[in-house]
Number of protein chains: 2
Amino acid sequence: MHQLSANGYSVEIGSILESSFAQLVEPYRNSKCFIIVDENTQEYCLEYLLTNFDAIANAEVIVLPEGEENKQLQIVGNVWEVLTEYETTRHDLIINLGGGLISDIGGFIASCYKRGMAFINIPTSLLAMVDASIGGKTGVNLGVYKNQIGLFSNPIGLFIDPIFLGTLPTEELLNGYAEMLKHGLISDGELYSEVLEQMKDPQNVSLELLTKVIDVKRKIVLDDPTEKGPRKKLNFGHTFGHAIEGQQMMHNPIKHGYAVGLGMIIESFVSYKRGLLSEDEFNRIELELGQFYQFPAFSDDDINEMIALLVNDKKNRDGKILTCLLEGIGNCTYDHELTSSEALEVFLHFKGKQVNPN
Amino acid sequence: MHQLSANGYSVEIGSILESSFAQLVEPYRNSKCFIIVDENTQEYCLEYLLTNFDAIANAEVIVLPEGEENKQLQIVGNVWEVLTEYETTRHDLIINLGGGLISDIGGFIASCYKRGMAFINIPTSLLAMVDASIGGKTGVNLGVYKNQIGLFSNPIGLFIDPIFLGTLPTEELLNGYAEMLKHGLISDGELYSEVLEQMKDPQNVSLELLTKVIDVKRKIVLDDPTEKGPRKKLNFGHTFGHAIEGQQMMHNPIKHGYAVGLGMIIESFVSYKRGLLSEDEFNRIELELGQFYQFPAFSDDDINEMIALLVNDKKNRDGKILTCLLEGIGNCTYDHELTSSEALEVFLHFKGKQVNPN
C-alpha cells in the first residue's frame with residue numbers, strides 16, 4: 001500500500017481491501033450512503049465493493065448514463081431530486097465509483113447538496129486514477145463547454161486500486177496514458193520515458209509508476225490548490241485538447257486523453273514555433289505521441305468551431321487565449337498568450353496531417 | 001462609515017459613495033462586469049450605482065424574475081449560458097444588487113461558474129442587509145425545498161447602504177425586522193428590546209442599530225463559518241419558518257422574514273413546553289412578535305405537507321428533526337431533537353390561533 005497525503009485527506013494506492021476505506025465508511029453504517037456508478041462500473045466494479053464492505057452493503061446505487069454528452073446539469077438536477085426524495089442530509093455519504101465523469105459530476109453533486117456532504121472517490125479508469133480523481137476539481141459541462149460549471153472541493157478519501165483496471169480495453173488505457181505522459185512532459189523527462197516504456201505493456205501498470213505519476217499531480221495541486229499559478233502546468237495539452245474534444249463531442253466523440261494527446265502535440269508544435277522547444281524535441285514528441293494519438297478529420301467549419309471554443313476557454317483572461325508551452329521536455333511554463341489567427345494557422349498545419357483529410 | 005471585518009473581506013455600513021467600493025471595482029474597468037438585479041432594483045437602485053461609479057458604467061445588467069418560486073436551477077442555468085455567450089472568464093466580476101434572493105442566487109452563479117469568479121454583494125432590502133448577504137451562504141431552491149442546493153462562498157466585498165431602504169414598503173421592512181429580532185432573541189435581550197423600540201419608527205433605521213445587529217451575525221459566522229456548531233443558533237425560527245414558507249410557496253407565498261417571525265413564535269412555544277423558557281417570556285414573545293407576524297390559515301393537509309418539509313430540513317441528522325430552542329430571551333441553544341408527532345401537536349396548537357382558521 002502506497003500512501004500519499006493530499007489536502008486534508010489521504011490518497012491510498014494499492015488494494016482497497018488493505019486500505020483505510022472500511023474504517024472511513026464505518027461511521028456511515030447507520031446513515032444513508034449512495035454509490036454513484038455508470039453502467040460499466042455497475043457491471044464490473046460495484047459487486048466487489050458491496051461484498052467486501054459490510055458497512056455499505058445496503059447503499060443505494062445511482063446509475064448515471066455514460067458519455068461526456070451526459071455530463072450535464074440536467075443529470076445533476078435529477079440526482080439532487082433523488083437525494084431529496086430519500087431525505088438525504090448533509091451528514092450522509094456519496095461514493096463515486098467510476099471514471100473521471102463520475103468523480104467530476106458526483107463531487108459536484110455532493111459539494112452543492114445542502115451546501116456540502118462528504119464524498120469518497122474510487123476511480124476505476126486509468127485516466128481517473130492518474131488525473132481526474134485528484135486535485136479537487138468537480139464539475140459538469142454546459143453544452144459543449146467542458147467543466148464550465150463546478151468548484152474546487154475535496155473528497156474525504158481517495159482509493160486507487162489497480163484491480164479495477166483489469167477489465168479495461170486498451171483504448172481506455174491509452175486514454176489514461178495520455179495524462180501520464182503529460183505528467184512526465186511537464187515535470188520530468190525521465191518519467192516521460194518510463195511511461196513510454198510502460199506503454200509497451202499497457203495492461204500491467206506498475207504500482208510504483210502509478211504512485212510516481214500521481215505524486216507529480218499531488219505535489220503541484222498541494223502547492224496551488226485553486227490554480228492561481230503553477231497548477232496551470234497541468235493544463236498542458238488541454239487548451240487545444242479541450243477545443244478538439246468539445247468540437248468533436250457533438251459529431252464523433254473522442255476520449256479526453258486522446259484529445260489531450262493531440263493537444264500536447266499541437267502545443268509542442270507552438271512551443272517549437274516560438275523557439276522554446278528544439279526541433280529535435282518536438283519531432284520526438286510528435287513521433288512518440290503520434291503512435292498512439294492520431295488526428296481525426298476536420299473541415300474548415302470544424303476549425304472555426306474549435307477556435308470559438310478556444311476563445312471561451314476557462315483558463316483565458318482579458319479575452320486572450322492562454323496556453324501552456326514546453327521549454328524542453330520536462331519543463332512546462334504557462335499563461336502564454338495566443339491570438340485566434342495563430343490558432344487558425346496551427347490548425348491548418350495539422351489539417352494536412354490528418355488520417356482522412358477532407 | 002462603520003466597518004466590520006469578515007472572513008477575508010470587509011463589510012462597510014453607510015453611504016457606498018464614501019466606501020471602498022470604487023476602489024474595489026476599479027481593477028475590473030477593463031474586464032467584464034455583470035450586475036444582477038431584479039425588476040425592482042433595476043428600477044430603483046441600478047441607476048444610482050451606474051451613475052456614481054464610472055468603472056462599472058458599462059456593466060452588463062442581468063434582470064432576474066422576482067419571487068422565491070423563481071429561485072431555481074433553471075434560472076441559474078440560463079445565467080450561466082448568458083455568461084458563456086459573453087465569453088466571461090473566471091477573472092471577471094459579478095455584482096449582486098438586490099435582496100437575499102439576488103445575493104443567494106448570484107453568489108451561487110459566480111461561485112460555480114468556471115469554478116469560481118469574484119462577486120460583490122450590495123443588499124437593497126433590510127432583510128438582506130441584516131441577514132442574507134453576510135455569512136457566505138449561497139444557493140437556490142429545489143422545488144419547494146429552500147436553499148437545497150448551494151455552497152459556502154464569500155463575496156470580495158459587502159456594502160450596506162441604507163439609501164436603498166428609502167423606497168421599501170413597510171411590509172418589506174417587517175421582513176427584515178424579523179431577523180433583527182432574532183439576532184436579539186438568540187444573543188442579547190437588550191438588543192431585542194432595542195429592535196422592538198426601533199420598530200415603532202420602522203422607516204428610519206439607525207445606522208448604529210444596523211451595525212450592532214449585523215455584528216451579531218458576523219461574529220457567530222466568523223466563529224463557525226460552515227455551521228458545524230454555534231452558527232446553528234442563527235437558525236432559530238427557521239426550522240418551522242422554512243416549513244411554513246415552503247408549504248405556502250405554492251399556494252399563497254409569504255415573505256421569508258414573516259415565516260421566520262412565525263417560526264420564532266412556534267419554537268419559543270416548544271422551548272416553553274420543554275421547560276427551557278418561562279411562561280412569562282414565552283407570552284411576551286408571542287405577544288410582541290404576534291403584533292407583526294400572524295399565522296396564515298392552514299388545513300390538516302397543509303400540516304402534513306409542513307411536516308414532510310420539516311423531515312427533509314437541511315439541518316437534520318440521522319432522520320431526526322433538529323431545531324433551536326430558547327433557554328431564556330438572549331440565550332439560544334441548538335440541535336434539539338423533535339419527533340414528527342411533536343411537530344404535529346405544535347401545528348395543531350397554532351392552528352387554533354389562525355386569523356382565518358379553516
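1. Basis. The model is predicted, so that local features need pLDDT of at least 70 and side-chain atom pairs count only at pLDDT 80 or more, while totals for chains, interfaces and linings use all residues. Residues are numbered from 1 along each chain as its sequence is written, chains are lettered from A and ligands numbered from 1 in the order in which they are written, and side-chain values use heavy atoms, with hydrogens and water left out.

2. The sheet. In chain B, 7 strands form an open sheet of mixed pairing in the order 1-2-9-6-5-3-4, where strands are DSSP runs of E with at least two residues, helices are runs of H or I with at least four, both numbered from the N terminus, and two strands pair if DSSP finds at least two bridges between them. Strand 1 (2-5) and strand 4 (60-64) of chain B each have a single partner strand and stand at the edges, so one side of each lacks a neighbour in the sheet. From one strand to the next the twist averages 20 degrees.

3. Strand 6. Within this sheet, strand 6 of chain B (residues 118-123) pairs in the parallel sense with strand 5 of chain B (residues 93-98) over 6 bridges, and F119(B) stands opposite I94(B). Strand 6 of chain B also runs parallel to strand 9 of chain B (residues 157-160), to which 2 bridges join it, and here I120(B) stands opposite G157(B).

4. Burial. Of the 6 residues of strand 6 of chain B, 6 are buried, that is, under 20% relative accessible area with a 1.4 Å probe and protein chains only. In a regular strand the side chains alternate between the two faces of the sheet. Here A118(B), I120(B) and I122(B) are buried on one side, and F119(B), N121(B) and P123(B) on the other.

5. The two helices. The axes of helix 4 (residues 73-85) and helix 5 (residues 100-112) of chain B come within 10 Å and cross at roughly 50 degrees, axes being lines fitted to C-alpha atoms, for helices over the stretch in contact, and angles running from 0 to 180 degrees between N-to-C directions. Helix 4 and helix 5 of chain B are therefore oblique to each other, a class left over once angles under 35 degrees (roughly parallel), over 145 (roughly antiparallel) and 65 to 115 (roughly perpendicular) are set aside. The contact (heavy atoms within 4.5 Å) includes W80(B) of helix 4 and F108(B) of helix 5.

Note on methods
Buried means under 20% relative accessible area, exposed over 50%, partly exposed in between (1.4 Å probe, protein chains only).
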